[in-house]
Amino acid sequence: MLEKALTGSKRYYGWMAALLAVISVGFVCYLWQFRFGLGITGMSRDVSWGFYIAQFTFLVGVAASAVMVVLPYYLHDYKAFGRITILGEFLAVASVTMCILFIFVDLGQPIRVMNVLLHPTPNSILFWDMIVLNGYLLLNIVISWKVLEAERNNVAPPKWLKPFIYISIPWAVSIHTVTAYLYCGLPGRGFWLTAILAPRFLSSAFAAGPALLILLCMIVRKFTKFDPGKEQIQSLAKVVAYAITVNVFFFLCEVFVVFYSKIPDHMDHLIYLFVGLHGHGVLVPWMWASMILMVVSIILLVNPVTRKNETVLVAACITVFVSTWIDKGLGMISGGFVPNPLHHVNEYVPTVPEILISIAVWAIGFLVLTVLYKIGVTVKEEIAGLA
Amino acid sequence: MKSSRRKFLKIAGVSALGLGAKPVLDVLAASGEHEETSKPEIMKGKDALIAKRWAMVVDTRKIESEEDLKPMIEACHKIHNVPEFENKNHEIKWIWLEEFKHEFPTQEHEFVDERVKHLPFLTLCNHCQNPACVRVCPTKATFKREDGIVLMDFHRCIGCRFCMAACPYGSRSFNFRDPRPFIKETNPEFPTRTKGVVEKCNFCAERLAVGRMPACVEASNGVLTFGDLDDPESEVRKLLKANYAIRRKPALGAGPSVFYII
Amino acid sequence: MPNKKKIYDKGAVLVGLCIFVIVITFPFWFNFGNAAPAPEPKISDKAKAAKECVMPKEYMKMEHMQLLNEWRDTVVRDAKRIFVSSSGKEFNMSLTNTCLDCHVEKAEFCDKCHNYASVTPYCWECHIDPKETK
């Protein structure tokens, strides 16, 4: 089926060429980083994780959200989602690919990455993260490919695939749980030291991922002859609506605990993010924008009138995606590092090469996604006799 | 030549299989070429200082100003080839000074007496009993030795900086770039670091191994006392018995091995 | 669906394949028979005077890297820093302070062969050649 990715319209080739151009710019920046060290980024002794790890965290969520189409279809026999499971799984493949790349570009000694396998250390959560991420990638590649192939040949998917599909459901939850455990088990970081971090990660993931999937469905409908379906999009929209609501609820739980208990180690980070601390507050406008956008999206998505209007739905999904991205991709990581454990305030701002490398990784993800969607959609068009 | 090539292949094969885990010495001994001599041995130096749990006591009563502490920092940073960067983001430090409110943020209050308020506190790795950095390291590049010292294996560090996020004392630094051009005076006896690895205070493991006290202790004029926390007769234990000492962030349960007599 | 097995543009494919094979094997046939003679590391006077190394010469020639790998682990991780050779002589297990103390000419002793074999061990990114710092 891979050959389907090799032929396409001028627009398809143009899009791929544009992605490759973005990737090459980032690649050159990465070579620079490889030679010079991570000093070309905005990270510091105090904020030792930055944009890369934040993107990784956000994208693990997008990857995990494939479960929101897989679960209703396979566990609850919600037939409508059969049309789009492949789109969800392919999105997961592309997202996990980006996650792994973001971890890689963040390493100070990338050539030693295999040390993680040479000296396996089960007490390190990063070790488990490696296992769940790679496992999830593999599961999704095998499942999506086999299912698509069966669909193309007009036969039922092989029987041996079923257990893997069922495993992939809790596995999706595990990738984001383990990712949250990277942070929430650290003793000196009050911002992350909360049992609700994993649930918060999952709720924002199940909002951001399906929101992106809705947008992708709309794009597929606009540019190809395959229609993912109105019902499918509406069902996804309900998932987004309640996930984003739960996400805001979880955040408010956090706010209550932190500010009612008044423990400074926990308050300082939220104060830094939303008000600014000792005159430092680059993220303040971003965090408020994120909160306001989340509330707006709840209003637009919970209300059936606005949700059913597809133009409004697109706007709402963009709103959800942007607001959760700010929350996790900007605030979640540097917010935990400021103030530092000695209560000094040193802020973090990414540098241009750092951003270019990040954009390139995103572009690689979209390249993978485009290739996979091209294959998936072409096969679907063939089946429907449209091609 | 031929036989040596065969041996090389054999050893290469063994190391590839065990990824170097199987000591090469065994292979050599097994090949039976040196029957006439004894097997090489590896051991601790005879003068090495040994303890169950190394600890340090800082007697802040003996400190009047920064000038009393600077020689200790200089001694440490000089022998360990710690670079000096102008860019504060890239800063590397093994031992440095902090005010009380930063050193003991949970113990700070507005009525702290004037002496303590303005006193510089020596800050370094606490060589914790339950080190979070060791717990999170995915390659065991940072590990706790039998004598309680938390050490870095610079050869193994992949630079993921998980340990920096985990350390509740901000004791760790990362080589954001090649440190060599920024080392004023290089001490050839101790390695520098390469870009991309994490580093921190090592309680002068390399000096203890040859029977010497840590460099900062030697330069401290009695401000610092170093010894075995497990030995009731040690100097550190005597000091702790006779004086009230505090540790940083005790509520976290990390169990620091650095004590401060206020 | 076409089910006739046939290679399209057979001629072009074959020419392309040939060019590919030639290009990919270029380093092999270009250098064939031109191998440069292996250099002999220069043994410093101090090393000559010492007469013995930590291990027999033949062993050191081929397996010094494994030995150094093991040294670095035992020194850093097991806190054992003394190596007693089979003749009973004690050595401090240190690349800079022991190996280079005897083999004083790193360029003549180490680099020469490493360059020939096209290996760049990263030991020297951290461990210091005392000559360079003077």
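## Basis

This is a predicted model, in which local features need pLDDT of at least 70, side-chain atom pairs count only at pLDDT 80 or more, and totals for chains, interfaces and linings use all residues. Residues are numbered from 1 along each chain as its sequence is written, chains are lettered from A and ligands numbered from 1 in the order in which they are written, and side-chain values use heavy atoms, with hydrogens and water left out.

## Helix pair in chain A

Helix 9 (residues 230–261) of chain A packs against helix 11 (residues 284–302) of chain A. Helices are DSSP runs of H or I, at least four residues, numbered from the N terminus. The angle is about 140° and the axes lie 9 Å apart.

Contacts (heavy atoms within 4.5 Å) from helix 9 of chain A include A:Val240, A:Ile244 and A:Phe251. On helix 11 of chain A, the partners include A:Met291, A:Met294 and A:Leu301.

## B:His77

B:His77 sits in helix 3 (residues 66–79) of chain B. Its relative accessibility is 17%, so B:His77 counts as buried (under 20% relative accessible area, 1.4 Å probe, protein chains only).

A polar atom of the B:His77 side chain lies 3.4 Å from the backbone nitrogen of B:Ile95. Beyond neighbours within four places in sequence, B:His77 touches B:Val82, B:Lys93, B:Trp94 and B:Ile95.

Terms used: Helix = DSSP H or I, 4+ residues; strand = E, 2+ residues; numbered from the N terminus. Buried < 20%, exposed > 50% of the residue type's maximum accessible area, 1.4 Å probe, protein only. Polar contact = N/O pair within 3.5 Å; in protein donor to acceptor, adjacent residues only side chain to side chain. Axes fitted to C-alpha atoms, helices over the stretch in contact; angles between N-to-C directions.
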